[in-house]
Amino acid sequence: LKNKGNTEKHVKMTVRRLKAVMAGCDATSLNDLTKGKVERFLSERAATEGTSHATFNHYAQAVEQFGNWLVDTQCVSSNPFVGMIRLNAKIDRRHDRRALDSAEMAKLLESARASDKVVEGMNGEMRARAYLFSFMTGIRRSEMASLTPRSFRLDATPPTVTVQAKYSKHRRKDTLPLHPRLVEQLRCWLAPLADSASLFPRLGQRKTWKMIQFDLKNAGIPYVDENGLYADFHGAGRHSHVTELFRAGAMPTEVRELARHSDLQTTMRYTHLRMVDQ
């Protein structure tokens with residue numbers, strides 16, 4: 001996994017899932033680990049612990065990938081786990097997200113900057129910077145954590161930010177244009193940092209839902225609205241970014257490119273147009 005350029009977080013998560021499956025199946029050798037045993041273990045785990053369909057699928061995917069590695073390294077002649085069952089994650093969504101509009105985002109930023117509390121190791125100003133950056137770029141939390149002053153070309157035409165392939169979710173180097181108003185902020189944020197210093201230190205390891213829940217409450221904005229929709233960090237940032245692009249009149253193909261989605265159907269799941277927009 002490391003040799004293929006996967007992040008440390010992804011490697012640890014995959015190994016943790018495989019160890020859980022092996023322990024659950026009482027497997028001490030490959031002969032103990034069969035497709036049927038794995039499927040029974042995952043099904044029983046889902047029933048007793050209430051794990052989501054998406055989590056079930058993640059574990060199944062990790063086992064299948066392990067089988068592919070066994071074939072690649074000639075430990076076995078064929079993948080014994082190929083065709084593992086998958087559950088329909090669409091009918092088992094634990095919570096759906098919503099987007100914030102620009103007025104709500106302004107209130108959120110004001111709330112964070114006025115706060116003298118440190119939440120998840122970040123003071124109010126740093127939390128506000130993270131919210132604003134996510135809202136105006138749509139860059140994911142783990143990707144934001146990888147950014148340093150070297151990631152930015154503020155004097156280019158247009159100014160850009162680059163997410164390196166090993167940190168990008170789809171393992172591809174991505175360069176995105178930056179909004180002029182964000183560029184003004186970034187010049188101030190980056191000025192005191194060393195070239196290799198992180199703009200958002202350890203953001204990928206922080207419980208960002210705690211941060212934004214705290215600041216939303218102080219701003220008078222519900223974390224969960226009357227429809228049961230969540231405004232967590234991913235919703236208030238990436239979902240809001242995609243939604244605002246549509247509100248600004250961007251074409252669907254343009255929004256898909258900026259969101260770095262492989263297909264338009266995924267992009268539309270990030271779009272939360274309200275009745276007033278319609």
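How many residues does H9 have, and how far does H9 reach from its first C-alpha to its last? In this predicted model, for which local features need pLDDT of at least 70 and side-chain atom pairs count only at pLDDT 80 or more, while totals for chains, interfaces and linings use all residues, H9 has 15 residues and reaches 20 Å. That is close to the 21 Å expected at 1.5 Å a residue, the expected span being 1.5 Å times one less than the number of residues. Residues are numbered from 1 along each chain as its sequence is written, and side-chain values use heavy atoms, with hydrogens and water left out.

The C-alpha trace spans about 60 × 45 × 40 Å along its principal axes. Of the 278 residues in the chain, 41% are buried, with buried meaning under 20% relative accessible area, exposed over 50% and partly exposed in between (1.4 Å probe, protein chains only). Among contacts (heavy atoms within 4.5 Å) between residues at least 6 apart in sequence, 63% join residues at least 24 apart.

Back at H9, this helix bends by about 35° at Ser240, the bend being the angle between axes fitted to the seven residues ending there and the seven starting there. H9 is mostly covered, with 12 of its 15 residues buried; among them are Phe233, Gly237, Ser240 and Phe246. The cover over these buried residues includes H4, H5, helix H6 (141-144), H8, helix H10 (252-259) and helix H11 (264-269). Just after H9, Gly249 takes a positive phi of about 100°.

One of these covering helices, H5, packs against H9 at an angle of about 35°, with the axes 6 Å apart; axes are lines fitted to C-alpha atoms, for helices over the stretch in contact, and angles run from 0 to 180 degrees between N-to-C directions. On the H5 side the contact is made by residues including Ala130, Tyr131 and Ser134, and on the H9 side by residues including Phe233, Gly237 and His241.

The largest nonpolar core has 38 residues, and those with the most contacts inside it are Tyr131, Phe133, Phe152 and Leu186. Such a core is a set of buried Ala, Val, Leu, Ile, Met, Phe, Trp, Tyr and Cys residues joined through side-chain atoms within 4.5 Å. Elements that each supply at least two residues of this core include helix H4 (102-113), helix H5 (124-137), strand S2 (160-163) and helix H9 (233-247). The largest share, six residues, comes from H5. Not counting residues up to four places away in sequence, Tyr131 touches Met105, Leu108, Leu109, Ala112, Met211, Ile212, Asp215 and Phe233. Apart from this core lies another, of 17 residues, among them Leu18, Ala46, Ala60 and Phe66.

Glu64, in helix H3 (residues 53-72), is buried, with a relative accessible area of 17%. Leaving aside neighbours within four places in sequence, Glu64 is in contact with Asn79, Phe81, Val82, Gly83, Met84 and Arg86. Asn31, in the loop between helix H1 (8-24) and helix H2 (35-49), is exposed, with a relative accessible area of 71%. The C-alpha atoms of Asn31 and Thr51, 20 residues apart along the chain, are separated by 27 Å.

How values were computed:
Helix = DSSP H or I, 4+ residues; strand = E, 2+ residues; numbered from the N terminus.
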